[in-house]
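I opened this notebook to record what I looked up in one protein model. The entries follow the order in which I checked things.

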Amino acid sequence: MASITLGGNPINTSGELPKVGTKLSDFKLVNSDLSIATMNDFTGKRLILNIFPSIDTGTCATSVRKFNETAANLENTAVLCISRDLPFAQKRFCGAEGIENVINLSDFQEGSFGKANGLEITDGPLTGLHSRAIIIVDENGVITHTEQVAEIANEPNYEAALAVL
């Protein structure tokens, strides 16, 4: 379990992020068109997983915007923005913002991605949502970088995450 904070108040997650050097577990997440995305859909690509509680918060929206700018310049890399928001909310936000370089995926159905990767918030007002984290995966599905953001209201360290690409 990771101890993080929300507005300085301690809250916990369901576990720890997966270890660097291990393979990212397969997943089933929902695309904006309601189809299912799995790891197989990204075989041979590097992945940046931008994970956050909700697209409808200022910090989460900022991270999607920043990764959208970055993704436009990355070869053989997909940026997956993952939350428990409904796919409709993710699509609405990206449409309104002109965001086209990231792939929004939702874990709304069961939260299985969050549970499998130690991301589910287990107490406090955001119980059930995902914590703010970054996971970088290489072309072979091996995790090369993780960051559990200690304070949910803070942005991740973009430079450290992108340095491993």
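Entry on contacts. I began with how far apart in sequence the contacting residues lie. Among contacts in the protein with a separation of 6 or more, 65% are accounted for by residues 24 or more positions apart. I note here that the model is predicted.

Entry on overall make-up. I looked up the secondary structure and found four helices and nine strands. Along the sequence I read the pattern β-β-β-β-β-α-β-α-β-α-β-β-α. The radius of gyration is 14 Å, close to the 15 Å given by the globule rule for 165 residues, so the protein is as compact as a globular protein of that length. I also looked up the box filled by the C-alpha atoms, which is roughly 40 × 35 × 30 Å along the principal axes.

Entry on surface. I find that 50% of the 165 residues count as buried. The accessible surface comes to about 7,500 Å², and carbon and sulfur atoms hold 49% of that.

Entry on the cores. Which residues have the most contacts inside the largest nonpolar core? I list Phe-27, Leu-47, Leu-49, Leu-80, Ile-82 and Phe-113, in a core of 20 residues. Strands E5, E6 and E8 (133-137) are the elements that each give two or more residues to this core. I noted a second, separate core of 13 residues, with Phe-52, Ile-55, Ile-134 and Ile-136 among its members.

Entry on Phe-113. I set aside residues up to four places away in sequence and looked up what Phe-113 touches. The list is Phe-27, Leu-29, Leu-49, Ile-51, Ile-82, Asp-107, Leu-119 and His-130.

Entry on Ser-54. I placed Ser-54 in the loop between strand E5 (46-51) and H1. Is Ser-54 buried or exposed? Its relative accessibility is 15%, and the cut-off for buried is under 20%, so Ser-54 counts as buried. I also found a polar contact of 2.9 Å between the side chains of Ser-54 and Asp-85.

Entry on Glu-75. I found Glu-75 in the loop between helix H1 (58-71) and strand E6 (77-83). Why does Glu-75 count as exposed? The cut-off for exposed is over 50%, and Glu-75 counts as exposed because its relative accessibility is 68%. I then looked up the separation of Glu-75 from Leu-47, which is 28 residues away along the chain. Their C-alpha atoms are 11 Å apart.

Conventions
Residues numbered from 1 in each chain as written. Predicted model: local features only at pLDDT ≥ 70, side-chain atom pairs only at ≥ 80, totals over all residues. Heavy atoms only, no water. Buried < 20%, exposed > 50% of the residue type's maximum accessible area, 1.4 Å probe, protein only. Polar contact = N/O pair within 3.5 Å; in protein donor to acceptor, adjacent residues only side chain to side chain. Core = buried A, V, L, I, M, F, W, Y, C linked by side-chain atoms within 4.5 Å. Contact = heavy atoms within 4.5 Å. Rg over C-alpha atoms; globule rule 2.2 N^0.38 Å. Areas by Shrake-Rupley, 256 points an atom, 1.4 Å probe, with all protein chains shown as cover.
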